[in-house]
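Dear colleague,

My notes on what was found in it follow directly after.

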Amino acid sequence: MQYLLLALSLSAAADAYVSGSAGWEQAYAKAKVALQKLNQTEKVGIATGVTWEGGPCVGNTYAPESIDYPSLCLQDSPLGIRFANPVSAFPAGINAGATWDRDVFYARGAAMGQEAKELGVHVQLGPVAGPLGKNPDGGRNWEGFSVDPYLSGVGMEHTIQGMQDSGVQACAKHWLGNEQEHNRETMSSNIGDRATHELYVWPFMNAVKANVASVMCSYNKFNQTWACESDAILNKLLKKELGFPGYVMSDWNAQHTGVNSALAGLDMTMPGSDFATPRGSVFWGPNLVQAVNNGSVPQSRLDDMVTRILAAWYLLDQDQGYPDVKFSSWDGGKASINVTALPNHIDIARIGARDSIVLLKNKGKTLPLKKPRSLAIIGLDAIVNPEGANACSDHGCNNGTLAMGWGSGTSQFPYLVDPLSAIQAQASKDGTSIVQSTTDNPTEGAAAAAAADTAIVFINSDAGEGYITVEGNAGDRNNLDPWHNGNELVKAVAAKNKNVIVVVHSVGPIVLETVLAQPSVKAIVWAGLPGQESGNALVDVLYGSWSPSGKLPYTIAKQFADYGAGWNPSLDDNFGEGLFVDYRHFDKNGISPRYEFGFGLSYTSFEYSRLSIDIAATSGPLNGRIIPGGAEQLFESVGTISTLVKNTGEVLGAEVAQLYIGLPDSVPGTPPKQLRGFEKLSLYPLQTSMATFQLTRRDLSYWDVKKQKWVVPKGTFTVYVGSSSRDIRQHGKFRVGGY
């Protein structure tokens, strides 16, 4: 019951945040009034960073004197506040994605936004939809929600709503095609128009629809032009086609020219200089004043930049008593207030971590544990780094239990509950004796395993941003094997104990074939990157206080080559996968995954019945006026698909019912099925509930390259409803006719 109350507290936290914004129209009206009071230097200052380390935050703008507007504070990261303490370290984006839970997305976003506002951060640099994760070894995939654009888009939309309802500006990043760390500042992502729209743009459409205040353009080139000075993707695609009314900021040092970037649609340059000492390239500032004065950049373009930035500030009511900055990124980040004490934040961190745990294997109902006589806890990943949870700058090491990756997408842990400590606390209640081997030495692990009835082995795989290299991995992973010879550790333990549980903390998929080849491995628990409440969340699931309900947000393959993708060592990635990324690739090519997209076991069982299809749509291109997100027709409802789900087991559990749609055969080169809906249902034993999927015209559409429009095709659509992308329980069809 205590965990049901925790779930209710999460919902209460989500409901506690209410936006005071009156919308873009009113925000623009205020911005245009303020614009008239500014001189040219002040206008440029609002769009220009004060240089790296020039202010308390990782990004700061110049404060004008003519209006009551501050030096804007922009701060990482998408899972907590970087370079400040104490702050919460929430589960990573990929774990939020693994919950498949809109309430978790929202509550996590709202809690992060509340902490950011209390610390005086105006713009929190997240959430992340790029990288999408088409490369399974990509270094920053874990910052985003899923390799699937639909799931990623839902995560973006609800996270942004939560953050901005708390009063902080969200920043959707990285726009566009930033799918790897190697050569990210020099390479070109060359992506076909259809794949661009249907995969990489899709989640950003949700972000813009959610009224995201800002978008960050990426380091890479896009189709041979720098993303931060690409008229094609900034002006035409983002601002015109998607109707984005906010502002575009550069990634830090991703600006390459002054005039060209201004004309292409960049609105704010961050951090205002490069990272050289003394500061080197400054493209805007006085140079932008000169460019406007000599006509190289029209006055109207500068005014548009400033209006967009001011409008986002007004949109979030940041003109109404917003807190001052209460920390400095450059002196240890000690904040003058403790935001971790805000109501429900620990609960939100724990629930997000708990509900993201994916049970991959559970032979003979090994789990949940029932007061075992003795347990061996094995592996360095079972304990906090002996040097401290925050010992390595930006978490650029892999010593101890893995709870987030490395790079700018991190925050400091206020504390980190490691698995061993949490298990010891439960073992003390149960009278269970604990044998420890908290190194990755196979010989020591085997000795510990031989001395206990059950052995729990902890293995991991890390990754992060490319400015840090960890154990030879320059951001992106070198392979999909467990780190620290994790396979050998499992083999040694399995040879000495017949009842082995493997817990995996990982940034993304690893190849599990060696682990699965050991007959003694009875259960595999996929815990991802759970954040500060790691051990507590794990114990909730291991001991059955909560039935696992996470589902994979990507595919786990039998071998790396099965993905058909990986980071590219050259300066051009031609994205030859096209639309066929992750499960789309596996489905098209008839490849059997080890664990498919959307997979996850439970301690109970679920039965599906009574599929109902109520769709009324006509074929043709989608037009109408442009609203934030795209053409208005895209978001019109076309009806619902629903199914009954019954808990046929003996314990309370949550099932993620998933809807996949197959487009008509008249659309060539289309994946066999694509996720277009999901609903997470919490059900008591023998309880039945309806999973209802609301569909829009966009959900039935493809991007027609010739028409340059989203088009609903004519013909027969196939409906697949089930527990994963391969575990389909219900099939159906519906037909869409012409005008």
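Glu 465 is buried, with a relative accessible area of 5%, where buried means under 20% relative accessible area, exposed over 50% and partly exposed in between (1.4 Å probe, protein chains only). The side chain of Glu 465 meets that of Arg 140 in a salt bridge of 3.2 Å, N to O; the term denotes a side-chain nitrogen of Lys or Arg within 4 Å of a carboxyl oxygen of Asp or Glu. Glu 465 lies in the loop between strand 13 (454-461) and helix 15 (486-494), and Arg 140 in the loop between strand 3 (123-124) and helix 6 (149-165), so the pair ties together parts that are 325 residues apart in sequence. Arg 140 likewise counts as buried, at 3% relative accessibility. Both residues belong to a network of salt bridges that links Arg 140, Glu 143, Glu 181, Arg 184 and Glu 465.

Please note that this is a predicted model, in which local features need pLDDT of at least 70 and side-chain atom pairs count only at pLDDT 80 or more, while totals for chains, interfaces and linings use all residues. Residues are numbered from 1 along each chain as its sequence is written, and side-chain values use heavy atoms, with hydrogens and water left out.

Beyond its neighbours within four places in sequence, Asp 251 is in contact (heavy atoms within 4.5 Å) with His 174, Met 216, Cys 217, Tyr 219, Cys 228 and Met 270.

The structure holds 29 salt bridges. One of them joins the side chains of Asp 303 and Lys 43, at 2.9 Å, N to O. Asp 303 lies in helix 11 (residues 299-315) and Lys 43 in helix 3 (residues 40-47), so this pair ties together parts that are 260 residues apart in sequence. Asp 303 is buried, with a relative accessible area of 18%, and Lys 43 is buried, with 9%.

Arg 594 forms a salt bridge with Glu 513, the closest N and O atoms being 2.7 Å apart. This pair links distant parts of the chain, 81 residues apart: Arg 594 is in the loop between helix 18 (583-588) and strand 17 (606-615), and Glu 513 is in helix 16 (residues 513-516). Arg 594 counts as partly exposed at 30% relative accessibility, as does Glu 513 at 24%.

Ile 81 sits in the loop between strand 2 (73-75) and helix 4 (93-99) and counts as buried at 1% relative accessibility. Ile 81 and Gln 412 are 331 residues apart in sequence and 7.9 Å apart in space, C-alpha to C-alpha.

As to the whole, the protein has 18 helices and 28 strands. Its radius of gyration (taken over C-alpha atoms) is 25 Å, close to the 27 Å that the globule rule (2.2 Å times the number of residues to the power 0.38) gives for 739 residues, so the protein is as compact as a globular protein of that length. Of the 739 residues, 66% count as buried. Among contacts between residues at least 6 apart in sequence, 78% join residues at least 24 apart.

With kind regards

Note on methods:
Helices (H or I, at least four residues) and strands (E, at least two) are DSSP runs, numbered from the N terminus.
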